Amino acid sequence: MITELAVERVEFTCGQCWHHWSVDFEVQHYQDDDGTDWEYFSHDGIGATSPYTPDGGAPCPECGRHWVGHLVARRLVPVAPGPAGEPRHRVEDRAAHRPERHAAPPLPSSARLQERHTERT
């Protein structure tokens with residue numbers, strides 16, 4: 001059972017050439033039938049190893065060395081509908097409901113430099 005869905009922005013800094021970049025990963029937290037908790041990472045819809053481990057560290061876009069990332073931001077995605085009264089739309093005919101969504105191109109979460117948002121005091 002899925003217990004949490006999120007998009008996590010992971011930041012990397014190459015220790016070789018000091019290039020700085022970030023990547024957005026989709027993360028599913030789920031619990032199997034035995035009650036064991038798991039995390040599943042994907043990037044652009046493709047399964048990925050955890051970017052927080054040496055085995056899953058992303059390659060530097062400049063020099064190719066792999067580096068472990070750290071979390072800088074995350075957005076939760078609801079796994080269940082909100083309470084009654086919140087906006088929602090009933091799907092009357094599942095097969096005919098917005099059929100263009102099946103052919104829509106993937107929304108990329110490609111590596112890119114992100115400005116860090118800081119509060120001014």
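Two rings of Phe, Tyr or Trp are taken to pair if their centres lie within 6.5 Å, and a pair whose planes are over 60 degrees apart counts as edge-to-face. By this rule, the predicted model holds 3 aromatic pairs. One of them joins F25 and F41 in an edge-to-face arrangement, with 6.5 Å from centre to centre and 85° between the planes. Because F25 belongs to strand 2 (residues 20-31) and F41 to strand 3 (residues 37-43), this pair ties together parts that are 16 residues apart in sequence. Both F25 and F41 are buried.

F41 also pairs with Y52, again edge-to-face, at 5.9 Å centre to centre and with 70° between the planes. Here too distant parts of the chain are linked, since F41 lies in strand 3 whereas Y52 lies in the loop between strand 4 (46-48) and strand 5 (58-59), 11 residues apart. The relative accessible area of F41 is 3%, so this residue is buried, while that of Y52 is 27%, which means that Y52 is partly exposed. Through these ring pairs, F25, F41 and Y52 are linked into a cluster.

In soluble globular proteins, nonpolar side chains tend to be buried together. In this model, the largest nonpolar core comprises 10 residues, namely V10, F12, C14, W21, V23, F25, V27, F41, A58 and C60. Strand 1 (2-13) and strand 2 each contribute at least two residues to this core, and the largest share, 4 residues, is supplied by strand 2.

Key:
Residues numbered from 1 in each chain as written. Predicted model: local features only at pLDDT ≥ 70, side-chain atom pairs only at ≥ 80, totals over all residues. Heavy atoms only, no water. Phe/Tyr/Trp six-rings, centres within 6.5 Å; stacked < 30°, edge-to-face > 60°. Buried < 20%, exposed > 50% of the residue type's maximum accessible area, 1.4 Å probe, protein only. Core = buried A, V, L, I, M, F, W, Y, C linked by side-chain atoms within 4.5 Å.
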